[in-house]
Amino acid sequence: MTFVPTSAPISVLASIPSPEINRFFIGPVPIHFYALCIIAGIVAAVLLTNYRLTKRGAEPWVVIDICLLAVPLGIVGARIYHVLTHPGDYFGEGINTWNPFMPGSVWAIWEGGIAIFGALIGGAVGAYLGCRWTGIRFWTFADALAPGLIIAQALGRFGNWFNQELFGLPTDLPWGLEIDSDNPAFPPGLQPDTLFHPTFLYEVLWNLFGALVIILAARAFRLQWGRVFGLYLVWYGTGRAIWETIRIDPSEIILGLRTNVAAALLGVVVGLVIMIVQKRRHPGYEPSPYMPGREAKGARAVQSPEPHDFVDVSEPPATTASVGSATSTSVTK
């Protein structure tokens, strides 16, 4: 994308400053604020998902067992998606593609480069496997996760603010974002004090408001069987498609659209399909958060160490008493 140099700096009454640092050190180990934002998002999502799952009748903290698979596979998926949608950065003559001990390899996730749509795909695979392991219905887990997931995405976007990256077009709006002119992402040809659309902030506000909408809609319409997650895909995809159109970071183009715009629109379609199909397939309410035969006392279900940590929903044991008659094992004298 080429920018025409401005003849004079943009004059505004206010602006949003960018942080001066994006990491700190504990001894020789660098701690990136981006990583802390992602971790904070994961913690928030786990806590809210646990609360929502236990209200549905699941074991407390069974979400941890599911996340043991969902989170790592989500990170792997996020990295693979980023690499595949930015091939020019990782493949070609003179580029270090495979050596993890040199900068710029496909393995160097610590250098940055993850994508939420890849995280959704990888995380969904991990969540499905985790639900099979614990006995939780996949769609029950997805519905419980939806509000926490979009909050986690909101918190993660603050990492872009610390890194001064993924900002939007130049603007003279009073909430324009300041970017250091020596930042590698600063577009050439612009005045050093040019301000940009804070797309990170737009997405933070959209996601937090979306979490509220999802929670209220789920309660008002008793959405189950994956329809809460479908609503999440529609809401998040719609907002992401809008913010992507004003971002100026390099991106592959598919059918005239930025890769993430195409992915966001596909997410909206998938979300609508889930909501429509699941409504027709399951007009009633979920009988249990567990798959049939996998309740908390199931043979293969993950068990809590304390018996009072879950509700016993198993059938009562059979007795030798006949229906409609009163019997006694004591001898009458």
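**Exercise 1.** In this predicted model, work out which element gives the largest share of the lining of the second largest pocket.

*Solution.* Start with the elements that give two or more residues to that lining: helix 1 (33-55), helix 5 (138-163) and helix 6. Helix 1 comes out on top, with four residues.

**Exercise 2.** Now describe the second largest pocket itself: how much space lies in it, and which residues are the closest to its centre?

*Solution.* First, the space: about 470 Å³. Next, the lining, which is made by 16 residues. R52, K55, R56, A218 and R219 sit closest to the centre. Finally, sort the lining by class, and you get seven nonpolar, two polar and seven charged residues.

**Exercise 3.** Find out how helix 6 (residues 199-221) and helix 7 (residues 227-244) are arranged.

*Solution.* Two packed helices are described by the angle between their axes and the distance between the axes, so go for those two values. Here the axes come within 10 Å and cross at roughly 160°. Angles over 145 degrees count as roughly antiparallel, so helix 6 and helix 7 are roughly antiparallel to each other. As for handedness, their crossing is right-handed.

**Exercise 4.** Pick out which residues make the contact of helix 6 with helix 7, then sort them by class.

*Solution.* On the helix 6 side, take T199, Y202, E203, W206, N207, F209, G210, V213, I214, A217 and A218. Across from them, helix 7 brings in V228, L231, Y232, W235, Y236, T238, G239, R240 and W243. Sorted by class, that's 13 nonpolar, five polar and two charged residues.

Methods:
Residues numbered from 1 in each chain as written. Predicted model: local features only at pLDDT ≥ 70, side-chain atom pairs only at ≥ 80, totals over all residues. Heavy atoms only, no water. Axes fitted to C-alpha atoms, helices over the stretch in contact; angles between N-to-C directions. Parallel < 35°, antiparallel > 145°, perpendicular 65-115°, else oblique. Left-handed = near helix turned anticlockwise from the far one by under 90°. Contact = heavy atoms within 4.5 Å. Nonpolar A, V, L, I, M, F, W, Y, C, P; charged D, E, K, R; others polar. 1 Å grid on protein atoms, 1.4 Å probe; cavity = no way out; pocket = protein on both sides within 12 Å on 5 of 7 lines; lining within 4 Å. Points joined across faces, edges and corners; volume = space filled by probe spheres on them.
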